Amino acid sequence: MKRVQLNFKYFILLFLMISLPAMAQGDGPRNLLWSPKNTFAFLPKWMSMNQNITPGNVLIEDADLHINAFPLTLVYNFGLANRFAQVMVNAVPGDVSGSLTASQPGLPAPHISSSGFADGFIGFKLGLVNQPALNVIEYSQYEKKTFSMMFYGRIWYSGSYDSAKPLNLGSNRLTFQVGFPIDIWLSKNPKRPTWLEIYPSIHMYTANNDPTFITMANKSQQHALYSIENHLSHNFTDNFWLSADLGYQYGGDLELDGVDQDDKQNLFSGGITAGYQVMKMLGLNATYGGIIAGDNGAQSNMIRITAVISYANLKKLQKPE
């Protein structure tokens, strides 16, 4: 048997194409591109957010919250009916602190904090257009098509929650997210890839039948949240890339016992991301972003640092002599 020797460029491609999902701040650039099959990745992150949107993605105009989160995601890429496919499992330890105020009676405004786990998810992707199942070598040699698209579905499960607490990291409900990421290849030089990623999606929420005591309600229900995420990224060297990020989301207003709280999200966000390939098995990227404009006093800024630790199953690439 003759073992295939993988060139460094294959690992660069592998790192740049693996998904990096993350909470309600969007998935980020180079995270919605299809990847080689028979590859694994582990993605530890640190996210620091100052905002008036709770970890459960509810806008509270007079809130002032600081969230530290450490999302941990395990990813496996494979082939399904000769198409790219991916499964993901995510958990998010972290903490939140700050203050909540509101005009309605019974809603106090002390300094509050909570720690534990924010909502995590189980996810699945499937290539729909121009995203075949290819191994690392085949993927590196594949001539990228201008347009490609995938299906992306996630089920978000609740993190830590206690209705006796005024603020929680978890949401005490399920969230179903469905989207169809579109990738547009803009490069003439394959060694300097330029991607435009467009990701429309919808979040649909189940009811919380035990809302926190400060709501003075028996049931809370959040309306669907619609979003679109856009990233234009370019490699300036083999190892270094930059991205300009823009997003928009609408909806997500909350009902308490059937009464709408007039807290609809209608906001634009933007940011910039820098990525660097440190070594074959390690890539790093950092993002700074926030809300540019929004209704109901929406405010947010975020710093996110991500490591991508990857492994390719080279046994699958062995060829006879």
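Predicted model: local features only at pLDDT ≥ 70, side-chain atom pairs only at ≥ 80, totals over all residues.
## Overall composition

The chain contains two helices and 17 strands. Of its 321 residues, 50% are buried. The accessible surface of the chain amounts to about 14300 Å², and carbon and sulfur atoms account for 60% of that area.

Contacts across the sequence are also described by their separation. Among contacts between residues at least 6 apart in sequence, 65% join residues at least 24 apart.

## Strand pairing

Strands of a sheet pair through backbone hydrogen bonds, in either a parallel or an antiparallel sense. Strand 8, residues 182–185, has pairings with two strands described here. Strand 6, residues 147–157, runs antiparallel to strand 8, and three bridges join them. Strand 9, residues 194–205, is likewise antiparallel to strand 8, with four bridges between them. D183 in strand 8 takes part in both pairings: S148 stands opposite D183, and E197 in strand 9 is also a bridge partner of D183.

A separate arrangement to consider is an open sheet of three strands, ordered 10-13-14, with antiparallel pairing. Its edge strands are strand 10 (220–222) and strand 14 (259–260), each of which pairs on one side only. Strand 13, residues 254–256, pairs with strand 14 over two bridges in the antiparallel sense. Within this part of the sheet, E255 stands opposite D260 of strand 14.

In soluble globular proteins, nonpolar side chains tend to be buried together. The largest nonpolar core in this model has 13 residues, of which M47, M49, L65, A69, V96 and L167 touch the most other members. Strand 1 (39–51), strand 2 (64–69), strand 4 (83–99) and strand 5 (111–129) each supply at least two residues of this core. Strand 2 gives the most, with three residues.

Another core lies apart from this one and consists of ten residues, including L43, V75, M88 and Y199.

Strand 3 (72–80) and strand 6 each supply at least two residues of the patch.

I155 counts as partly exposed because its relative accessibility is 41%.

## Salt bridges

Side chains of opposite charge can pair when their charged atoms come close. The structure holds two salt bridges. In one of them, R154 pairs with D27, and the closest N and O atoms are 2.9 Å apart. R154 belongs to strand 6 and D27 to the loop between helix 1 (8–17) and strand 1, so this pair ties together parts that are 127 residues apart in sequence. R154 is buried, at a relative accessible area of 3%, and D27 is buried with a value of 3%.

In the other salt bridge, the side chains of D238 and R192 meet at 2.8 Å, N to O. This pair links distant parts of the chain, 46 residues apart: D238 is in the loop between strand 11 (225–235) and strand 12 (240–251), and R192 is in the loop between strand 8 and strand 9. D238 is partly exposed, with a relative accessible area of 42%, and R192 is partly exposed at 28%.

## Loop residues

The loop between strand 1 and strand 2 contains E61. E61 and D295 are 234 residues apart along the chain, while their C-alpha atoms are separated by 9.3 Å. Leaving aside residues up to four places away in sequence, E61 touches N52, N296 and G297.

Most residues other than glycine have a negative phi. N57, in the loop between strand 1 and strand 2, instead has a positive phi of about 70 degrees. N57 counts as buried because its relative accessibility is 8%, which is under the 20% limit for that class. N172 also has a positive phi, of about 60 degrees, and is placed in the loop between strand 6 and strand 7 (175–179). With 28% relative accessibility, N172 counts as partly exposed.

Definitions and conventions:
Residues numbered from 1 in each chain as written. Heavy atoms only, no water. Buried < 20%, exposed > 50% of the residue type's maximum accessible area, 1.4 Å probe, protein only. Contact = heavy atoms within 4.5 Å. Areas by Shrake-Rupley, 256 points an atom, 1.4 Å probe, with all protein chains shown as cover. Pairing = 2+ DSSP bridges. Core = buried A, V, L, I, M, F, W, Y, C linked by side-chain atoms within 4.5 Å. Salt bridge = Lys/Arg side-chain N within 4 Å of Asp/Glu carboxyl O.
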